[in-house]
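Here is a short report on one model. Please keep the sequence and the structure at hand while reading.

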Amino acid sequence: MTMRPDPTFHASPKLAMEAPAENFAYTVLLSPDFSKPDALAVIDVKPGSPTYSKIVHTVTMPNKGDEFHHFGWNACSSALSPLAGHAFIERRYLIVPGMRSSRIYIIDTKPDPTQAKIHKIIEPEEVFRKTGYSRPHTIHCGPDGIYVSTLGGGGKNGTDGPPGVFIMDCETFEVLGRWEIDRGPQTKHYDFWWNLPRDYMVSSEWALPPQFENGIVPEDLLSNKYGHRIHFWDLRARRNVQTIDLGANHQMALEVRPAHDPVREYGFVGVVVDTTNLEGSIWTWWREGGEFHIEKTATIPPEPAPKDQLPPLLQGFGAVPPLVTDIDLSMDDRFLYVSCWATGEMRQYDVSDPRKPKLAGSVRIGGIASRTPHPNGQAFAGGPQMVEISRDGKRVYWTNSLYSTWDDQFYPHGIPGAEVMANAGPGGGLELAKDYWVGLPDGYRAHQIRLDGGDCSTDSFCYPSA
Amino acid sequence: MSAADWTASWLWLAVIASGLYHGINPGMGWPLAVSAGLMQRSTRALLAALGPLAIGHLLAMLLVILPFALLITLVEWQRSIRIGASLLVIAFGIYRLIDRRHPRALARIPPTQLALWSFAVAIAHGAALMLVPIYLGLCRAAGPDQGHTAATTLIDTSLTMAVLVAIVHAGAMIAAGGCLAWLVYRYLGLEFVARSWFNLDTVWAVSLVLVGAVALALGVAT
């Protein structure tokens, strides 16, 4: 317990943007063939530092086969919630779930990120026993504890009951139990986020474990059996209040990115692929008169490619779908970054008018057919995937792996892990930084990135910027 | 002024001072009024939030003090009641010193239910408990010859006193909190929310123990 709120807690998104820039980026490393233990890399991102864009510390886990994916902080700006009335915790521990093992690691980043170490390990049995869920995934720090979304229910295959969200104590890391009281029609899960003062949560659907653990199941995709609905929840009542179906052809609704400014009652969701035309799409949801609405506001077309450049999975289509696998919204809610993992493009949309996204910038790197190298000359396998934006909105970081078994299906030649960064212009525009290239240790791939002091997909705010 | 008048003045001052103390504590709700004002971009929304916050605090005070107001009619037990109340306050202070975990479940109360939130916060922190020894002292100062007064009059007096103490305290609390909320909203800016937040857990627990100890010493002495 501290005497003052953590200096990295900010009352509003505007204050978060004005705070000092990040010095370190944490990135999860995963061993795609499970031959080595997964790890957390600490990367120096301080310009001018002699170790700039290099891994300066690695926390290696004691187990194999965890498969790291997403992770998050024990506490963030939401601790300044006026309802919590008690902001005396530190942004100190990273909660890193093993998506395959259901094991959760708590990593202590103090006294210095270069000395980060394992603080606690929550074994899978505790998660199973206390929640009936498995395959923990997204972490969000709430004012009353850590919220963890899961992708699986109980049982070996994770299909014994629906997946959902559970809560952990943000100081003892004890698993407290299920969050939902009434889940309504929700049976699949992926991402979730909220608007704290407006008291609602939004969640999305990817797939059930048998649909992803051993690779994408083409028959399920073509018969539209992946997730395609968005759920809206009363956050404090823990009730599903509305479910909207995007249409079965809009397969895999993934990242949920609400506006950071809580006065704005809208947000975005990315849909991986439309099975009728291979488009990727961006959807805008908003609340009006107590009801939630959603509409498709941007589409990204597939790109034709010769058969010999395509993996067996795509050869029948003669084209590469963009596969919108991650989206991220800048802290000022102005720019939405969209990863097109298969075509190898990072798009930047101006979403000042949230229902009319305008393409403002784009960077090509990697891609199944295009295979664009990095401006420094290095080959970049895979495509832009997990994306993280600095709080001030000037730097956009991303990695190139999606998920071990899916990587192999779309990029059969392998995806050596890499992390790059692009500079964003103040009025739009995106350009890769030639001097930022993090080569990862052999045999490792990289997934989500977290920035010290918070980033654009971590912190939620209880006060508006104005 | 007589000694009893002096005592009464000091005790009333304590009622007001504890109200101001609760009011400026961000844990008692003024940031909620700032948030309401900013979310709706109106001073009126800020002021509107102060109402339920004050009512919640007032009800918490009444809930804790009123039982003592009724107990006070048991005149021959008065001394034991005062000592018991003092011990209760001390015990709660010590409990807060030992169990340092914050009741995070408070954040699960919907932001639309401000009065409920304010009530729950005041109860959970023992804010109302702090007033009990002061209140009992005031009752004593008001009627030194209670032994000769009819029970119904006694109840009337002590109930009136309880309501008065709760209103004055909650009034001071919301005046202090409201002023601070307005200053932050209008002039100081949101930076102040994080900057003004000090961890008062220890101070709070110690002040409970101190109030209890003073009351206990006075109770034993008479």
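Six bridges pair strand 24 of chain A with strand 25 (residues 358-364) of chain A, in the antiparallel sense. The model is a predicted one. Within this pair, Gln348(A) stands opposite Gly361(A) of strand 25 of chain A.

Strand 24 of chain A also pairs with strand 23 (residues 335-340) of chain A. That pairing is antiparallel too, with six bridges. Phe335(A) faces Asp350(A) in strand 24 of chain A. Four residues lie between strand 23 and strand 24 of chain A, which form a hairpin. In the turn, Gly344(A) has a positive phi of about 75°.

## Strands 13 to 15 of chain A

Strand 14 of chain A has pairing partners in strand 13 of chain A and strand 15 of chain A. The table lists the antiparallel pairings of chain A described here.

| Strand | Partner | Bridges |
|---|---|---|
| Strand 13 (residues 200-203) of chain A | Strand 14 (residues 229-234) of chain A | four bridges |
| Strand 14 of chain A | Strand 15 (residues 239-245) of chain A | six bridges |
| Strand 23 (residues 335-340) of chain A | Strand 24 of chain A | six bridges |
| Strand 24 of chain A | Strand 25 (residues 358-364) of chain A | six bridges |

Ser203(A) stands opposite His231(A) in strand 14 of chain A. In strand 15 of chain A, the bridge partner of His231(A) is Thr243(A).

Strand 14 and strand 15 of chain A form a hairpin with four residues between the strands. Arg238(A) in this hairpin takes a positive phi near 60°.

Ser281(A) lies in strand 18 (residues 280-288) of chain A. Apart from residues up to four places away in sequence, Ser281(A) touches His250(A), Val271(A), Asp274(A), Lys296(A), Ala298(A), Thr299(A) and Val324(A). Ala21(A) is 260 residues from Ser281(A) along the chain, and their C-alpha atoms are separated by 31 Å.

Pro464(A) sits in the segment after strand 30 (445-451) of chain A. Pro464(A) counts as buried, with 22 C-beta neighbours inside 10 Å. Pro262(A) is 202 residues away in sequence, yet the C-alpha atoms of Pro464(A) and Pro262(A) are 5.6 Å apart.

Which residues does Pro464(A) contact, leaving aside its neighbours within four places in sequence? In chain A they are Ser12(A), Asp261(A), Pro262(A) and Val263(A). In chain B they are Leu38(B) and Met39(B).

## Where the chains meet

29 residues of chain B are in contact with 31 residues of chain A. On the chain B side, helix 2 (30-40), helix 5 (114-124) and helix 8 (191-195) of chain B each give two or more residues. Helix 2 of chain B gives the most, with six residues. By type, this side of chain B has 19 nonpolar, five polar and five charged residues.

Helix 2 of chain B is mostly covered, with 10 of its 11 residues buried. Among the buried residues are Trp30(B), Leu38(B) and Met39(B). Leu38(B) and Met39(B) are also contacts of Pro464(A). After helix 2 of chain B comes Arg41(B), with a positive phi near 50°.

Helix 4 (residues 78-98) of chain B has 21 residues. From first C-alpha to last, helix 4 of chain B reaches 30 Å, close to the 30 Å expected at 1.5 Å a residue.

Arg82(B), Ala85(B), Ser86(B), Val89(B) and Gly93(B) are the buried residues of helix 4 of chain B. They cover an arc of only 95° around the axis, so they lie on the same side of helix 4 of chain B. An α-helix has 3.6 residues a turn, so residues three or four places apart point the same way. On the other side of helix 4 of chain B, Ser80(B), Tyr95(B) and Ile98(B) are exposed. The cover over the buried residues includes helix 3 (43-71), helix 6 (131-142) and helix 9 (201-221) of chain B.

The largest nonpolar core has 204 residues. Ile65(B) and Tyr135(B) have the most contacts inside this core. Helix 7 (residues 151-188) of chain B gives the most to this core, with 13 residues. Leaving out residues up to four places away in sequence, Tyr135(B) touches Ile65(B), Phe68(B), Ala162(B) and Val165(B).

Definitions and conventions: Residues numbered from 1 in each chain as written. Chains lettered and ligands numbered in written order. Predicted model: local features only at pLDDT ≥ 70, side-chain atom pairs only at ≥ 80, totals over all residues. Buried ≥ 20, exposed ≤ 12 C-beta atoms within 10 Å, placed from the backbone. Contact = placed C-beta atoms within 7 Å. Expected span 1.5 Å × (residues − 1). Arc of directions from axis to C-beta. Pairing = 2+ DSSP bridges. Core = buried A, V, L, I, M, F, W, Y, C linked by C-beta atoms within 7 Å. Nonpolar A, V, L, I, M, F, W, Y, C, P; charged D, E, K, R; others polar.
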